[in-house]
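Hello,

I am passing a structure on to you, together with some notes. Please have a look at it before you read on.

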Amino acid sequence: MNLDLFRAYLRSHPDEAYQRVLELRSQFTPLLFDEAPLRENPLRHARQVTRYILWELERSGLSMNNVDPGHGPGHWVRDYLNALRIFSKSELSSPHIIAGFIGGVLHDVGCTIVPRYDEKNTPLRHGEVMGLLFEDMCRSIQFIDLTPPEMQLVMWGIMAHTHYLAPQKVMWWEKEVVIEPYPDCDETGNPLFGIWLPRWVDRLECSGS
């Protein structure tokens, strides 16, 4: 996994990258939670995967130079601690814990690549960019032990954490792009907690314990 190549790809092929985001969105279905395996200790596994990804990012030269203060290392540490607080006694099934914990910890890593407060001008925002980076890491690093359904659920949790409440219009490369909200409920309207919980991890810093 090469971060410089990933950044260069986003700069030179933004439309292709956004089409991949749309493909990932079209592939999501709540049935992925039924297709993902039931792990004996999902929190431990989620922590192992998360730590390995963070280690790989550091080894690959992840830079914090352009991250805004509200989404830098301090926020990531609190996200990690918030995720531990939420999931340490969770009785959710393992697919929700895997998606919720990993997505909750990693959701803002995209802020190292996309300036957080320039996002009004692009549909490739920090959530979408981190979803693509996570997919790239899963493809290129053989030690990331996640099944395809788990990978898709984590990507969805990362991309959906920004919680768009209504369609948003963006002028991008001289054309209008409409960003739709990310579905986060099953067919009966019940919340998919693996998608909701990355948001809770993120917001817990604002609202307190």
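What volume does the largest cavity have? It comes to about 50 Å³. Please keep in mind that this is a predicted model, in which local features need pLDDT of at least 70 and side-chain atom pairs count only at pLDDT 80 or more, while totals for chains, interfaces and linings use all residues. Residues are numbered from 1 along each chain as its sequence is written, and side-chain values use heavy atoms, with hydrogens and water left out.

A word on terms. On a 1 Å grid over the protein atoms alone, a cavity is a set of points where a 1.4 Å probe fits but cannot get out, while a pocket is an open set with protein on both sides within 12 Å along at least five of seven lines; lining residues have an atom within 4 Å of a point. A volume is the space filled by probe spheres set on the points, which are joined across faces, edges and corners. Helices (H or I, at least four residues) and strands (E, at least two) are DSSP runs, numbered from the N terminus.

Back to the cavity. Its lining consists of Leu-24, Gln-27, Phe-28, Leu-32, Gln-152, Met-155, Trp-156 and Met-159. The largest share, four residues, comes from H8; helix H2 (14-27) and helix H8 (148-160) each supply at least two.

Now the pockets. About 310 Å³ of space lies in the largest one. Of its 14 lining residues, Leu-10, Ile-113, Val-114, Thr-122 and Leu-124 lie nearest the centre, and helix H1 (residues 3-12) gives the most to the lining, with three residues. The second largest pocket holds about 260 Å³, and H4 and helix H5 (73-87) each supply at least two residues of its lining.

H4 also packs against another helix. Helix H4 (residues 42-59) and helix H7 (residues 126-140) meet at an angle of about 95 degrees, with their axes 12 Å apart. The two are therefore roughly perpendicular (65 to 115 degrees). In this contact (heavy atoms within 4.5 Å), H4 uses Ile-53, Glu-56 and Leu-57, and H7 uses Leu-133, Phe-134 and Met-137.

Finally, there are eight aromatic pairs, meaning rings of Phe, Tyr and Trp (its six-membered ring) with centres within 6.5 Å. One of them, Tyr-18 with Trp-172, is edge-to-face (planes over 60 degrees apart), at 5.6 Å centre to centre and 70 degrees between the planes. Tyr-18 sits in helix H2 and Trp-172 in strand S1 (residues 168-172), 154 residues apart.

Best wishes

Notes:
Axes fitted to C-alpha atoms, helices over the stretch in contact; angles between N-to-C directions. Parallel < 35°, antiparallel > 145°, perpendicular 65-115°, else oblique. Phe/Tyr/Trp six-rings, centres within 6.5 Å; stacked < 30°, edge-to-face > 60°.
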